[in-house]
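The sequence and the structure come first, followed by the points grouped by topic.

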Amino acid sequence: MPKVLTDGETSIGAYRFPDRKKIALCIERDNEIHIYGYFNSKDGANKFMNELGEMLGVPIEGAERRAYERKSG
């Protein structure tokens with residue numbers, strides 16, 4: 001599954017929503033999720049999150065988290 005980087009309050013990552021075909025680039029803060037774009041593939045999402053983690057100096061080994069699946073209703 002795509003990776004999510006978090007500082008405990010804010011999460012940046014690739015999320016899969018059941019009503020969308022593509023994985024979304026999102027920022028989650030205060031129980032709100034804002035979508036900023038979409039990835040063409042799961043591999044593209046993983047590669048982006050790996051590059052972002054390296055650029056920020058955030059260790060991403062073992063930081064893999066199951067993509068958020070929003071439940072409707």
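Two strands are taken as paired if DSSP finds at least two bridges between them. By that rule, β2 and strand β3 (residues 24-29) are an antiparallel pair, with six bridges between them. The model is predicted. The chain holds one helix and four strands, and along the sequence these follow the pattern β-β-β-β-α.

**Overall figures**

- Of the 73 residues in the chain, 32% are buried.
- The accessible surface of the chain is about 5,400 Å², and carbon and sulfur atoms account for 47% of that surface.
- Among contacts in the chain with a separation of 6 or more, 40% are between residues 24 or more positions apart.

**The sheet**

- The four strands form an open sheet in the order β1-β2-β3-β4, and the pairing is antiparallel.
- β1 (4-6) and β4 (32-38) are the edge strands; each has a single partner strand, so one side of each has no neighbour in the sheet.
- Direction ignored, neighbouring strands of this sheet are turned by 15° against each other on average.

- β1 and β2 make a hairpin with three residues between them. In its turn, G8 has a positive phi of about 100°.
- β2 is mostly covered, with five of its six residues buried.

- E28 lies in strand β3. Is E28 buried or exposed? Its relative accessible area is 17%, and the cut-off for buried is under 20%, so E28 is buried.
- The side chains of E28 and Y15 are joined by a polar contact of 2.9 Å.
- Y15 is itself buried, at 0% relative accessibility.

**Aromatic pairs**

- How many aromatic pairs are there? The count comes to two aromatic pairs.
- One of them is Y15 with F17: the ring centres are 6.5 Å apart and the planes are at 15°, so this pair is stacked.
- F17 counts as buried, with a relative accessible area of 5%.
- The rings of F39 and F48 have their centres 5.6 Å apart and their planes at 50°, so this pair is tilted.
- F48 is partly exposed, at 33% relative accessibility.

- F39 sits in the loop between β4 and α1 (42-56).
- Its relative accessibility is 11%, so F39 counts as buried.
- What does F39 touch, not counting residues up to four places away in sequence? Its contacts are A14, K22, I23, A24, L25, G44, A45 and F48.
- A24 is 15 residues from F39 along the chain, and the C-alpha atoms of F39 and A24 are separated by 6.1 Å.

Conventions
Residues are numbered from 1 along each chain as its sequence is written. This is a predicted model: local features need pLDDT of at least 70, side-chain atom pairs count only at pLDDT 80 or more; totals for chains, interfaces and linings use all residues. Side-chain values use heavy atoms; hydrogens and water are left out. Helices (H or I, at least four residues) and strands (E, at least two) are DSSP runs, numbered from the N terminus. Axes are lines fitted to C-alpha atoms, for helices over the stretch in contact, and angles run from 0 to 180 degrees between N-to-C directions. Buried means under 20% relative accessible area, exposed over 50%, partly exposed in between (1.4 Å probe, protein chains only). Contact means heavy atoms within 4.5 Å. Accessible areas come from the Shrake-Rupley method with a 1.4 Å probe; for residues, only the protein chains shown count as cover. A polar contact is a pair of N or O atoms within 3.5 Å; within protein, one must be able to donate a hydrogen and the other to accept it, and residues adjacent in sequence count only if both atoms are side-chain atoms. Rings of Phe, Tyr and Trp (its six-membered ring) pair if their centres lie within 6.5 Å; planes under 30 degrees apart count as stacked, over 60 as edge-to-face and the rest as tilted.
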